[in-house]
Amino acid sequence: MNRLALLTAGAAALTVLTAAPAFADTPATPAETVTSCGPSGLQAGLSTRVCAEVTGTTVEFYGTVGLAGPPSPGSPAPAPKQLFTTLSVEVVGEGAPVTRQWPVVFTSSTVEVRGQIASAPCGSTVRAAFAVASFPWTARPVVHEVTLGC
């Protein structure tokens with residue numbers, strides 16, 4: 001009978017140990033990345049948009065440039081176009097925006113202009129403006145804001 005009692009106590013102890021969560025061995029889950037985009041606009045005869053990828057308290061903004069609509073059937077491919085792009089990012093209420101400019105050659109496929117990353121505390125609003133110019137068109141920036149919720 002002692003053996004039976006000992007086996008029962010051992011089985012009960014193993015059940016308790018395997019049911020307990022192992023907090024120290026659980027890897028931290030990476031923060032989820034959420035992508036959002038602002039409204040599109042027409043600049044230099046092309047469709048433009050600024051988007052944000054938010055991961056925790058870090059935001060990476062990028063602009064996209066694409067055709068404003070499908071080409072007409074049988075029409076020739078558009079000629080390459082030299083574009084001057086500007087991407088400005090600011091944490092609202094915390095100083096001046098950080099601005100970067102890149103020359104880009106647009107052919108006929110969508111181009112992504114990346115490079116602006118901002119970190120801000122929870123609850124902050126981060127704003128980006130993306131502008132595209134090409135002679136004779138001037139830039140008409142598109143804007144997108146995200147609020148960091150943690």
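Visitor: Before we look at anything, what does "exposed" mean for a residue here?

Guide: A residue counts as exposed over 50% relative accessible area and as buried under 20%, with partly exposed in between. Keep in mind that we're looking at a predicted model.

Visitor: Good. Is Ser119 buried or exposed, then?

Guide: Ser119 is exposed, because its relative accessibility is 53%. You'll find Ser119 in strand E7, which covers residues 111-119.

Visitor: Which residues does Ser119 touch, once I skip its neighbours within four places in sequence?

Guide: Thr57, Thr58 and Val91. With Thr58 there is also a polar contact, side chain to side chain, at 3.4 Å.

Visitor: Let me step back. How many helices and strands are there in the chain?

Guide: One helix and nine strands. Starting from the N terminus, the order is α-β-β-β-β-β-β-β-β-β.

Visitor: And how far should I trust each part?

Guide: Check the pLDDT. Where it is low, the predicted coordinates should not be read in detail. The average for this chain is 82, and 80% of the residues score at least 70.

Visitor: Which elements have the lowest and the highest mean pLDDT?

Guide: Helix H1, residues 2-19, has the lowest mean at 46, while strand E9, residues 142-147, has the highest at 96. Residues 1-8 have a pLDDT below 50, and the model shows zero contacts for this stretch beyond near neighbours in sequence.

Visitor: How much of the contact pattern links residues at least 24 apart in sequence?

Guide: 57%, counting contacts between residues at least 6 apart.

Visitor: You mentioned His144. Is it buried or exposed?

Guide: His144 is buried, because its relative accessibility is 10%. His144 sits in strand E9. The side chain of His144 makes a polar contact with the side chain of Ser36, at 2.9 Å. Beyond four places in sequence, His144 also touches several other residues, among them Cys37, Val50, Phe61 and Val126.

Visitor: Where is Cys37, and how accessible is it?

Guide: Cys37 is in strand E1, residues 33-37. Cys37 is partly exposed, because its relative accessible area is 36%. Setting aside neighbours within four places, Cys37 contacts Arg49, Val50, Cys51 and His144. From C-alpha to C-alpha, Cys37 and Val146 are 9.4 Å apart, although 109 residues separate them along the chain.

Visitor: What about loops? Where does Ser124 lie?

Guide: Ser124 lies in the loop between E7 and E8. Ser124 still counts as buried, because its relative accessibility is 10%. A polar atom of the Ser124 side chain is 2.9 Å from the backbone oxygen of Pro121. Outside four places in sequence, Ser124 touches Val91, Glu94, Val146, Thr147 and Leu148.

Visitor: Which backbone details should I look up?

Guide: Between E8 and E9 you'll find Pro136; the peptide bond joining Phe135 and Pro136 is cis, with omega about 5 degrees. In the loop between strand E2 (41-43) and E3 is Ala44, which has a positive phi of about 55 degrees although it is not a glycine. Ala44 counts as buried, because its relative accessibility is 2%.

Visitor: Last one: what lies over the face of Tyr62?

Guide: Arg114, at 4.1 Å from the ring centre. As for aromatic pairs, the count is zero.

Technical notes: Residues numbered from 1 in each chain as written. Heavy atoms only, no water. Helix = DSSP H or I, 4+ residues; strand = E, 2+ residues; numbered from the N terminus. Buried < 20%, exposed > 50% of the residue type's maximum accessible area, 1.4 Å probe, protein only. Contact = heavy atoms within 4.5 Å. Polar contact = N/O pair within 3.5 Å; in protein donor to acceptor, adjacent residues only side chain to side chain. Phe/Tyr/Trp six-rings, centres within 6.5 Å; stacked < 30°, edge-to-face > 60°. Lys NZ or Arg CZ within 6 Å of the ring centre and 35° of its normal. pLDDT = per-residue confidence, 0-100.
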